Amino acid sequence: QLWHGYPLKNILLNCKEDSRPFKSKFLNSIYFHCYKMRIAISYNYLITSHSLLGTMLVHSFGFQDGRKVKHLGTPSLDAAYREMLNNKNVEVGETCKVLYLPTWRHDVTIIDDALNDLNNVVKKIGKVSIDVKLHPFDMGKIETHTLENINILENDVGDMIRFMNLYDCLITDYSSCCFEFYPLKKPIIFYTPDIEEYVSSRGVSIDFSKLIGTNNLTLDAHALEEKIKLIANGERERFIFDFSNYVGDSSDSMERIYVAFS
């Protein structure tokens with residue numbers, strides 16, 4: 001299992017919704033044991049890095065740092081670093097191209113609201129284009145025909161890293177795509193108006209206020225509009241993050257994996 005980035009939200013064995021879905025402790029105990037066995041049977045190896053989030057990923061699979069865990073970095077981050085180096089001199093055009101990548105939700109109401117907020121932002125400030133790539137599980141659940149100012153991408157985008165590098169700014173919430181976007185050294189906006197509810201129900205693997213700073217949480221449509229406006233006007237640096245202390249080193253990850261398994 002190579003995974004994509006590092007999960008911000010709790011997943012697998014670390015997530016109650018996934019591994020302990022019943023009200024009965026007895027049923028949860030049986031289900032958790034079977035779920036853990038299914039994961040162990042499904043994967044021979046987990047590839048990750050020596051890092052805080054890499055360790056959390058290992059725990060979510062129920063593995064120990066032993067035969068099944070290979071600390072060879074994350075190929076998607078390796079690809080992102082290479083993409084940044086190959087395109088580091090590309091300048092921002094007159095129109096700021098923004099990509100919105102929300103994580104999957106049981107209740108899509110918050111995404112529906114966010115799409116309407118973004119639609120209004122483009123209408124108000126101009127010189128911004130916003131493309132939206134919904135999680136495959138959310139496609140078809142959200143009414144989008146009234147969103148005249150933003151573009152909903154329905155087709156497969158192919159290489160995700162190269163696709164993300166087409167944009168000047170990323171807007172996301174609890175998606176691991178932020179870790180694949182940060183090596184590109186471009187602005188990221190975390191639009192999380194439901195953070196208290198989400199953390200309480202789903203849970204996150206790391207405190208957001210430590211990861212990005214409390215001031216960088218975007219909790220309402222007005223704050224979202226102001227940040228997009230700043231980035232569109234060239235104020236980018238304050239929205240560029242360095243997550244290397246959390247994700248570790250993935251340089252030459254693809255070569256290291258090839259050598260390890262060849």
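This is a predicted model: local features need pLDDT of at least 70, side-chain atom pairs count only at pLDDT 80 or more; totals for chains, interfaces and linings use all residues.
Residues are numbered from 1 along each chain as its sequence is written, and side-chain values use heavy atoms, with hydrogens and water left out.

The mean pLDDT (the predictor's confidence in each residue, from 0 to 100) of the protein is 91, and 98% of its residues reach 70 or more. Confidence is lowest in helix α9 (residues 208–211), with a mean of 87, and highest in β6, at 97. Helices (H or I, at least four residues) and strands (E, at least two) are DSSP runs, numbered from the N terminus.

Six strands form an open sheet in the order β5-β4-β3-β6-β7-β8, with parallel pairing; a pair requires at least two DSSP bridges between the strands. At the edges are β5 (151–152) and β8 (217–218), each pairing on one side only. Three bridges join β6 (residues 169–172) and β7 (residues 188–191) in the parallel sense. Thr172 stands opposite Phe190 in β7. Helix α10 (residues 221–232) packs on the sheet and touches β3, β4, β6, β7 and β8, where contact means heavy atoms within 4.5 Å. The direction of α10 makes about 175° with that of β7. Helix α5 (residues 109–125) lies across β3 (96–101), β4 (128–132), β5, β6 and β7, and runs at about 160° to β4.

Two helix pairs are tabulated below. Axes are lines fitted to C-alpha atoms, for helices over the stretch in contact, with angles from 0 to 180 degrees between N-to-C directions.

| Helix pair | Axes come within | Crossing angle |
|---|---|---|
| α5 and α10 | 10 Å | roughly 45° |
| α4 (residues 75–86) and α12 (residues 253–261) | 8 Å | roughly 140° |

Asp117, Leu118, Val121, Lys124 and Ile125 in α5 meet Ala221, Leu224, Glu225, Ile228 and Lys229 in α10. This contact of α5 with α10 has six nonpolar, no polar and four charged residues. Ala, Val, Leu, Ile, Met, Phe, Trp, Tyr, Cys and Pro count as nonpolar, Asp, Glu, Lys and Arg as charged, and the others, Gly among them, as polar.

In the other pair, Pro75, Asp78, Ala79 and Arg82 of α4 meet Ser253, Met254, Glu255 and Ile257 of α12. The contact of α4 with α12 has four nonpolar, one polar and three charged residues.
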